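Trainee: Please take me through one part of this model closely. Then set that part in the context of the whole chain.

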Amino acid sequence: MSKLVIVESPAKAKNIKGYLGRGYEVIASMGHVRDLPAARLSVDIANDFEPKYAVIKGKESFVKDLKKKADSADYVYLATDPDREGEAISWHLATLLDLDMNEKNRVTFNEITKNGVKNGMAQPRAIDIDFVNAQQARRILDRLIGYKLSPFISQKIRRGLSAGRVQSVALRLIVDREEEIRAFKPEEYWSIDAKFTNPPDRKVFAAAIASKDGDKIKIENKEQSDKILSDLDGADYIVTAVKKGSRKKNPTPPFITSTLQQEASRRLSFQARRTMKAAQELYEGVDVGEHGTVGLITYMRTDSLRISDEAREAGNQYIIDNYGEKYLPKKPRFFKSKSNIQDGHEAIRPSMPNITPESVKAYLTNDQFKIYKLIWERFIASLMEACLQETMKIEISANGYIFNATGYTVKFDGFTALYEEKGDDDKNNSDASPLPPMTVGDVLKLKSILGNQHFTQPPARFTEASLTKALEENGVGRPSTYVTITSTILNREYVKREGKQFVPTELGEAVTNLLEDKMPNIVNVKYTSKMEGDLDKIDSGEKDYKEMIRLYYDEFEKPLEKAKADMQGVKIKLKEEETDVVCEKCGRNMVVKVGRFGKFLACPGYPDCKNTKPLVYKTSAKCPECGGDVIEKKTKKGTSFFGCSNYPECNFMTWDAPSDEVCPKCGKSLFKRRGNVLYCPDTEGCGFTKPVPRKKKSEE
């Protein structure tokens, strides 16, 4: 009996075929095979928002071949990813292949292991049409909003702009934060910080002034600071209170998609796309020696914190074998997922907890190893006993003033023996070190005392990690969309990166201001969150998806039509970026403009002077063939490449970025190729290469 199994990726197809063996043919659909064509709206608004799907361009012959295979197979299994998008792909495949929608031909694999595939194949079900409709509702609403709103802002601001249901809210968060930073007025404040010992113990510890005569002290300027230091001149510092206690620190839950992206950003400086690429590879399967080819982690697009009993048992056994029973809680720990989540699969965890990161390091790429280590440690730690700390708070009296000192010692390290979550602004805590033994009445020895000036700080700009966290906390978007959101606002030049931080551009602020004024719902966090919540109710069949689309489209269309009428003939003018390129026709400095094919240089004297030029960026490198300037150019898709400014007389071109360094052997400019290697491109065979030293964390 021949059975056809359709998955999404070739890597997964190969690995699943290995587990299923003879009698099965496994084919990859390479993602979606049918979608709303991009060239038009593809939604019939007059016909109750009926979507007009078509086979994706370039996949026609694949679909034709797939139909032949499906017709000749005795049975067809749809084994696309276990989420809304995967359910929709299976539905599209079933439609194209004329499969019975009520037939139990849908299988899902939470992990690509022998047991995972076996269990999935043993539990076929019918396609979940509510899940499909939830995906369709999002797809149709996103298409309606994007295709109706994008032309409006492009017409009013600049050609080629876009707006969207989630990206516009993300941009507004970044713009609002920038406005907070601009409006922020720093306030001066001072602290009095002292260092003491408690003889005969030589350990130095820190304490800060807190109050005087029972009232909290607020020091606003140097004069007040100096007055307190004067009051304390020659004072005795006596311990007046010693408070001991204990606290329990519990581990964080295993990862979901958003927390994995955040932690990889904090710990590894990985952008979300890089994190998800490595996670996808780990899920689909890697050849790891004696274990064979196996998916090392469960499905990586999830917002569920649930873990299976089998995984818990395997993790618990690892803890007992490697740390001892005291590191395992007496009662198992369960983490509660948020409401309105897709709970069809588990949290992100190792598929086989007994496979440690170090045991498979030799078989993984650097990125795969780092992400697997992060996922594995977080999962194992989530099952471990809490960390127990003994705390100590000391009050020190001097001439009516009270100083406080805090510290703790670890009584039992628990899960921290393996892993601790890294915060957005992790710094050394003042209470992170133990205090020396002290009792009430001890007279301390003052080592130093200083008044220190400080200023209140504005809120921090968003990073990819903190933006993802903000979107998640506000219920905007879904784990699978966060990578696309940040990519879009960067590619549209609505924001730029400065280090890890997002800074809105003038264009991004103009788009947000226009939408806030004319289409406030589109950039309203609460409104978008409510929409997301209502869309989630389609999953469970609580709401009809066409009814949802009608409701939200009506609330979208009316203000859009009013905005078009109100702004007829109005154009928002942005500041033009002036360059040092002089117009050879009239002598003005040329400015950067954006046209149909991207950016170009134009004379600001238009219409009197209509001179234009291609926009190129000169690098510090020289052409290795003729000595001309090496300039950066862009393909139509926006990819950078580098060539000689003397083209077409000189045809030198490379994808490798030029560096500021020159070859020590021949003096020509060095270029950087993949693998972080500088090389000399001298065509006469200089052959010089050298590795680029990696930056230290402190330099990043």
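Mentor: Start with helix 5. Of its 28 residues, 20 are buried, so the rest of the structure largely encloses this helix. Buried means under 20% relative accessible area, exposed over 50%, and partly exposed in between (1.4 Å probe, protein chains only). Helices (H or I, at least four residues) and strands (E, at least two) are DSSP runs, numbered from the N terminus.

This is a predicted model: local features need pLDDT of at least 70, side-chain atom pairs count only at pLDDT 80 or more, and totals for chains, interfaces and linings use all residues. Residues are numbered from 1 along each chain as its sequence is written, and side-chain values use heavy atoms, with hydrogens and water left out.

Back to helix 5, residues 129-156. At 1.5 Å a residue, its 28 residues should span 40 Å, and the end C-alpha atoms are 40 Å apart, which agrees. The expected span is 1.5 Å times one less than the number of residues. Now look at the start of the helix. There, a side-chain oxygen of Asp 128 comes to within 3.1 Å of the backbone nitrogen of Asp 130. That is a polar contact: a pair of N or O atoms within 3.5 Å; within protein, one must be able to donate a hydrogen and the other to accept it, and residues adjacent in sequence count only if both atoms are side-chain atoms.

Next, a buried loop residue. Thr 298 sits between strand 13 (293-294) and helix 10 (309-322). Its relative accessible area is 0%, so Thr 298 is buried. Leaving out residues up to four places away in sequence, Thr 298 touches Asn 110, Glu 111, Tyr 283, Ala 347, Ile 348, Arg 349 and Ser 351. Contact here means heavy atoms within 4.5 Å. A polar atom of the Thr 298 side chain lies 3.0 Å from the backbone oxygen of Ala 347. Thr 298 and Arg 349 are 51 residues apart in sequence, yet 5.7 Å apart in space, C-alpha to C-alpha.

Now the whole chain. Its secondary structure comes to 17 helices and 30 strands. Buried residues make up 47% of its 700 residues. Among contacts between residues at least 6 apart in sequence, 66% join residues at least 24 apart. The C-alpha atoms fill a box of roughly 90 × 75 × 65 Å, taken along the principal axes.
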